[in-house]
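Please look over the sequence and the model below, and then follow the explanation through its parts.

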Amino acid sequence: MLQIFPLRIAYLVFTALIVLVEVFRNELSFMLRVKLMIMRSKALRLTFLFSGITLSALSLLFPIDPGPVILGDFVPALALLLSSFRYYGDMGKDDLEIITGSLMESRSFRMGIALLTVAALDLLFPSLIFI
């Protein structure tokens with residue numbers, strides 16, 4: 001389904017920006033308020049969690065042509081699934097911890113860059129089979 005493709009790219013880029021706020025606080029200061037709003041609201045976190053899982057499943061079941069029928073785009077679907085659990089992992093944090101950032105900035109940096117790389121490759125080469 002081609003309708004899943006822009007949602008998949010937008011979800012990966014948005015989650016990468018949310019993750020990279022911890023590392024690039026000054027450059028991505030516009031995302032700090034968005035991150036705070038998401039982390040304060042349990043309903044928004046659950047919405048992002050379930051929408052990521054749903055997009056991941058739909059990406060596997062309905063690949064972009066000429067992908068295989070069953071597996072589809074495996075790497076973008078795996079990135080969607082792992083990034084959706086990032087919202088679940090931030091559920092226990094308080095406001096001060098969200099604002100000051102976590103102690104695992106290098107892990108956040110690697111995850112954010114990996115998500116941006118997967119999104120860029122998926123955007124530039126949509127018919128490339130990522131298995």
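At 34% relative accessibility, Phe109 counts as partly exposed, a label given to residues between the cut-offs for buried (under 20% relative accessible area) and exposed (over 50%), with a 1.4 Å probe and protein chains only. The structure is a predicted model, in which local features need pLDDT of at least 70 and side-chain atom pairs count only at pLDDT 80 or more, while totals for chains, interfaces and linings use all residues. Residues are numbered from 1 along each chain as its sequence is written, and side-chain values use heavy atoms, with hydrogens and water left out.

The aromatic partner of Phe109 is Phe24, and the two rings are arranged edge-to-face, with 6.0 Å centre to centre and 65 degrees between the planes. Phe24 lies in the loop between H1 and H2, whereas Phe109 belongs to helix H6 (residues 105–124), so the pair ties together parts that are 85 residues apart in sequence. Phe24 is partly exposed as well, with a relative accessibility of 31%. Rings of Phe, Tyr and Trp (for Trp, its six-membered ring) pair if their centres lie within 6.5 Å, and planes under 30 degrees apart count as stacked, over 60 as edge-to-face and the rest as tilted.

By this rule the count comes to three aromatic pairs. One of them joins Phe14 and Phe48, which are stacked at 5.4 Å centre to centre with 15 degrees between the planes. This pair links distant parts of the chain, since Phe14 sits in helix H1 (residues 4–20) and Phe48 in helix H3, 34 residues apart. Together with Tyr11, Phe14 and Phe48 form one aromatic cluster. Phe14 itself is partly exposed, at a relative accessible area of 23%, but among the buried residues of H1 are Tyr11, Leu12 and Thr15.

As a whole, the chain has six helices and zero strands, where helices (H or I, at least four residues) and strands (E, at least two) are DSSP runs, numbered from the N terminus. Of its 131 residues, 39% are buried. Among contacts between residues at least 6 apart in sequence, 73% join residues at least 24 apart, contact meaning heavy atoms within 4.5 Å. Helix H1 has 17 residues and reaches 24 Å from its first C-alpha to its last, close to the expected 24 Å, a span taken as 1.5 Å times one less than the number of residues.

How do the next two helices meet? Helix H2 (residues 30–40) and helix H3 (residues 42–61) pack at an angle of about 95 degrees, with their axes 5 Å apart. That makes H2 roughly perpendicular to H3, a term for angles of 65 to 115 degrees. In this contact, Met37, Ile38, Met39 and Arg40 of H2 meet Lys42, Leu44, Arg45 and Phe48 of H3. By class, the contact has five nonpolar, no polar and three charged residues.

Two arginines complete the picture. Arg86 is found in helix H4 (residues 74–89) and is buried, with a relative accessible area of 18%. Leaving aside its neighbours within four places in sequence, Arg86 is in contact with Val19, Glu22, Ser108 and Met111. Arg107, placed in helix H6, is by contrast exposed, with a relative accessible area of 51%. Arg107 and Val19 are 88 residues apart in sequence and 9.6 Å apart in space, C-alpha to C-alpha.

Key: Axes are lines fitted to C-alpha atoms, for helices over the stretch in contact, and angles run from 0 to 180 degrees between N-to-C directions. Angles under 35 degrees count as roughly parallel, over 145 as roughly antiparallel, 65 to 115 as roughly perpendicular and the rest as oblique. Ala, Val, Leu, Ile, Met, Phe, Trp, Tyr, Cys and Pro count as nonpolar, Asp, Glu, Lys and Arg as charged, and the others, Gly among them, as polar.
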